[in-house]
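Trainee: Please give me a close look at a single part of this model. Pick the part yourself and stay with it.

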2 protein chains.
Amino acid sequence: MKKANTKPRKLIFEEEGLILLAKRMKELRKVKNISQEELAHRAELTLSQVARIETVKINPTVSTMIRIAKALDVSLKEVFDFEV
Amino acid sequence: MKKANTKPRKLIFEEEGLILLAKRMKELRKVKNISQEELAHRAELTLSQVARIETVKINPTVSTMIRIAKALDVSLKEVFDFEV
DNA sequence: TTTAAAAATAGCACTTGTGCTATAATATTT
DNA sequence: AAATATTATAGCACAAGTGCTATTTTTAAA
C-alpha cells in the first residue's frame with residue numbers, strides 16, 4: 001500500500017549532526033551487515049529506539065551511543081567520525 | 001563551611017563511559033583554558049548543565065555534545081577520543 | 001507477483017535531560 | 001585571611017528519550 005498521509009513528526013532541533021550520525025550508523029551497520037533488530041539486541045536497546053535514531057526522530061543520549069558503538073564493535077571515535 | 005552531608009545522587013547507569021567523557025571534557029576545557037561558564041555561554045547551554053555533565057550527574061544527549069564540541073572548537077571525534 | 005524479512009511508525013507510561021534560579025562549596029588571587 | 005572567581009548542588013517545570021507492544025510500510029528473496 002502507499003503512504004496514506006505523510007506523518008509530520010517534527011525534526012529534532014536544527015541539528016544536522018543528528019542526520020549525519022544516523023547516516024554514519026546505517027553505514028557502520030551495513031558494513032557489519034547486521035539488522036536493526038540484531039543491533040538492538042546486541043546493544044540491549046529496543047528495535048524502535050534504533051529505528052528512531054536512524055530516522056532522526058530523537059536525539060539519543062551518550063549512553064545509548066556507547067552501547068551502540070560496543071554492539072557494532074567499533075570505537076566511539078569511529079561512530080562520531082563525521083564533520084558537523 | 002564543610003559539607004554538611006554527602007548528597008547521595010545516584011550515578012547514571014553503570015556507564016564508565018560517562019565518567020571518561022567528563023574527564024575528556026574537563027581536559028579539553030583546561031587546554032582551551034575556558035571556564036564552565038564560558039563554555040556554557042559559547043555552547044548556549046546553562047552552567048548547571050555543563051557542571052552536571054562534568055560531575056557525571058546526567059547522561060547528556062548527542063546534541064548537547066555537538067554544541068560542546070563546537071564551543072570547544074574541536075571535532076566530535078576529539079571529544080569522544082577515549083576508550084570505553 | 002507472492003512471501004518473508006527488515007525497517008519505519010505509533011501510542012502510552014515512565015524516567016530523565018535541560019533550563020532557570022539560587023545557594024553552597026572549593027579554588028584562586030590579592 | 002579576605003575577597004573574588006570557579007565549580008558543584010538543589011529544586012521545580014517542562015520537554016524529550018526509552019521501553020514495550022503492535023501495526024504498517026518498504027525492501028529483499030523465492
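**Where the two copies meet**

Mentor: Start at the interface. Of the interface residues of chain B, 100% are also interface residues in chain A, so the copies meet through the same surface. Contact here means that the C-beta atoms of two residues, placed from the backbone, lie within 7 Å.

Some ground rules. This is a predicted model: local features need pLDDT of at least 70 and side-chain atom pairs count only at pLDDT 80 or more, while totals for chains, interfaces and linings use all residues. Residues are numbered from 1 along each chain as its sequence is written, and chains are lettered from A and ligands numbered from 1 in the order in which they are written.

Next, who takes part. Chain B gives 20 residues to the contact and chain A gives 20 residues. On the side of chain B, helix 1 (16-32), helix 4 (62-72) and helix 5 (76-79) each supply two or more residues. Helix 4 of chain B has the largest share, 4 residues. Helices (H or I, at least four residues) and strands (E, at least two) are DSSP runs, numbered from the N terminus. By class, this side of chain B has 11 nonpolar, 5 polar and 4 charged residues. Ala, Val, Leu, Ile, Met, Phe, Trp, Tyr, Cys and Pro count as nonpolar, Asp, Glu, Lys and Arg as charged, and the others, Gly among them, as polar.

Stay with helix 4 of chain B. It packs on helix 1 (residues 16-32) of chain A at an angle of about 115 degrees, with the axes 9 Å apart. The axes are lines fitted to C-alpha atoms over the stretch in contact, and angles run from 0 to 180 degrees between N-to-C directions. The two helices are therefore roughly perpendicular to each other; that label covers 65 to 115 degrees, with under 35 roughly parallel, over 145 roughly antiparallel and the rest oblique. A:G17, A:L18 and A:L21 of helix 1 of chain A meet B:V62, B:S63 and B:I66 of helix 4 of chain B. That contact has 4 nonpolar, 2 polar and no charged residues.

How much of helix 4 of chain B is buried? The buried residues are B:V62, B:M65, B:I66, B:R67, B:I68, B:A69 and B:A71. Buried means 20 or more other C-beta atoms within 10 Å of the residue's own, exposed 12 or fewer, and partly exposed in between, with C-beta atoms placed from the backbone. Both chains supply the cover: it includes helix 1 and helix 4 of chain A, together with helix 1, helix 2 (36-43) and helix 5 of chain B. After helix 4 of chain B comes B:D73, whose phi is positive, near 60 degrees.

Finally, the setting. Chain A has 5 helices and 0 strands. Of its 84 residues, 24% are buried. Within chain A, helix 2 (residues 36-43) packs on helix 4 (residues 62-72) at about 110 degrees, with the axes 8 Å apart. That makes these two helices of chain A roughly perpendicular as well.
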